[in-house]
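Here is a short report on a protein model. Please look over the sequence and the structure first.

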Amino acid sequence: MKVPGIIYADEKMIEVIRKDQSLVQVANVAHLPGIVKASLAMPDIHQGYGFPIGGVAGISMEGGIISPGGVGFDINCGVRLLKSNLKREIVQPSIEDLVNVLFLNIPSGVGSHRRDLKLSTQELKKVLVEGARWAVERGLGDKEDLEFTEESGGIKGADPSFVSEKALSRGRDQLGTVGSGNHFIEIGYVEEIYDDRAASILGLSRGQITVLVHTGSRGFGYQVCDDYLKTLSSHVRDIGIELPDRQLACAYIGSEQGEHYFKAMNCAVNFAFANRQIIAHWVRESFEQALGMKRDELGLTMVYDVAHNIAKRERHIIGGREMELMVHRKGATRAFPAGHPAIPRAYSSVGQPVLIPGDMGRCSYVLIGQPQAMAETFGTVCHGAGRVMSRHQAIRTAKGRNIGKELRDKGIIVKAASREGFLEEIPEAYKDVTDVVECVEKAGLARKVAKLRPLGVVKG
Amino acid sequence: MELFANAGLALFDIMTDLNKVQERQKVEVQAEGWDREELLINWLRELLDCFHIKKLLLKKFEMVEASEIQVRGVACGEPIDFSRHIIRKEIKGATYHDLKVEKSPDGWMAQVIFDI
């Protein structure tokens, strides 16, 4: 190992973490050329492919590598949070209608897509360069949405000439789709506020209706990752890098292969930003339709949109000197503090919002980044709850139970595109996100602003 | 050769009920790899392209050629029809995680973790 492994967890969590291969994976990442400070893991860590999910690695631009496994298959899987002018009491009686309309209007599940969004290859390539701005310029959102999206919804350095025809084919029909697995659209409300000043700046208040959108770059990003895993898997043999795990396949940053992956990855980053932008637009339309209210009355506006599978060039202080690093966040969220130039000006006095979705039965959190995160974790925190059960185990646990009724009894309506997909996502399949968030807060990396409770969920 | 045919069958069998898939279309599939594991993963990648990009479900695999570094076969199936075919589990990709291709007393054995 070139650097130590550091896991942020409490005693109860570490016992769960020991049960899968995540700790071995943290150690494997510590072997990568150019890694600085430590191979880091957040409290929601669980086993992934190569890198653990919940893993963070800062890699020097000089002599260091970039690795698709350190980003994940679902490039720029991330979360968008919308707030509204609506209160829980007004919306709750109509929640079933709202969920049904969302389910009809926004494709989720295998093979679904809207016929009114058909892209030529040329147009798709524009999406890959422009990101969410492509959507806004076509009337699928407001300009203000971009201001409150990480990288303004369009990261620089995307070049579609390094994306395969396969990836383009897979992506063409999937823009504006939620996908399956743990992706969702969730209508909720603010149950608790922990920091009145920060909440006020973010525009959050008790009882307020919110919408969370969790999705990424779909089959497009998946194919980009797989294409480069294949290429870089033979590349590492050619350049003599020995890896403890093939899924850590990589290339030196700045090399031809490293640059190609970086430019292709950025295309997938922009695909995902555009995806969440379009879905958010259709969420707004669905609310108008279901509640019979006008856009201004609804006031569904951005809190923030943040990535949790990405590799970014950032400057950080290491050992007292500023270094440029390729920060790999796989199932980990950027959490920059107050005053950082990369965060929206409106939030400059308080810090970057960090959106941490929990499972569909419990809650989610809004945090703000703290200076301690910059000092210790390259300005990074957790991304969610983290699975504790495999999908098969979850289905077995759900056998004989009426999960839909259990959630309805808690006041939560869920509509899923597939029964299996729904059962795989039962609340017990996940760690309690509250434990994960408490751990991150106790470590000083981020601070809680609000807790959100689900009312209605649409899943793939 | 049988290993690769069975791996293809297993892949599509996980995704759907192959009894509902008819043999209406043939497609030639080939792959290369610098070792057996890479060869198997690349074979499965080609089959997944048939699913994700050509939108086909495949149920019968006839291997034409197999060496240490190359395989070629003809697969038979039909285009996905969501009115007849239920995709119970979408396989997004084949990973290198815990990948094994080994000879055992009973013959060749492969282990692949699919991402779903």
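This is a predicted model: local features need pLDDT of at least 70, side-chain atom pairs count only at pLDDT 80 or more; totals for chains, interfaces and linings use all residues.

Chain A contains 17 helices and 17 strands. Its C-alpha atoms fill a box of roughly 60 × 50 × 50 Å along the principal axes. In chain A, 59% of the residues count as buried. Among contacts in chain A with a separation of 6 or more, 79% join residues 24 or more positions apart.

The largest nonpolar core has 154 residues. A:Val224, A:Val283, A:Val366 and A:Val381 have the most contacts inside this core. Helix 11 (residues 256-291) of chain A gives the most to this core, with 18 residues. A second, separate core has 23 residues, including B:Trp43 and B:Val71. Back in chain A, A:Val381 touches residues including A:Met42, A:Ala332, A:Val354 and A:Leu445.

Chain B has an open sheet of three strands in the order 1-3-2, with antiparallel pairing. Strand 1 (25-32) and strand 2 (56-66) of chain B are the edge strands. Neighbouring strands of this sheet are turned by 25° against each other on average, direction ignored. Strand 1 and strand 3 (residues 70-79) of chain B pair over eight bridges. B:Gln25 has B:Gly77 in strand 3 of chain B as its bridge partner.

| Helix of chain B | Strands of chain B in contact | Angle |
|---|---|---|
| Helix 2 (residues 36-52) | strand 1, strand 2 and strand 3 | about 150° with strand 1 |

Definitions and conventions: Residues are numbered from 1 along each chain as its sequence is written. Chains are lettered from A and ligands numbered from 1 in the order in which they are written. Helices (H or I, at least four residues) and strands (E, at least two) are DSSP runs, numbered from the N terminus. A residue is buried if 20 or more other C-beta atoms lie within 10 Å of its own, exposed if 12 or fewer, and partly exposed in between; C-beta atoms are placed from the backbone. Two residues are in contact if their C-beta atoms, placed from the backbone, lie within 7 Å. A nonpolar core is a set of buried Ala, Val, Leu, Ile, Met, Phe, Trp, Tyr and Cys residues joined through C-beta atoms within 7 Å. Two strands pair if DSSP finds at least two bridges between them. Axes are lines fitted to C-alpha atoms, for helices over the stretch in contact, and angles run from 0 to 180 degrees between N-to-C directions. Lists of a residue's contacts leave out its neighbours within four places in sequence.
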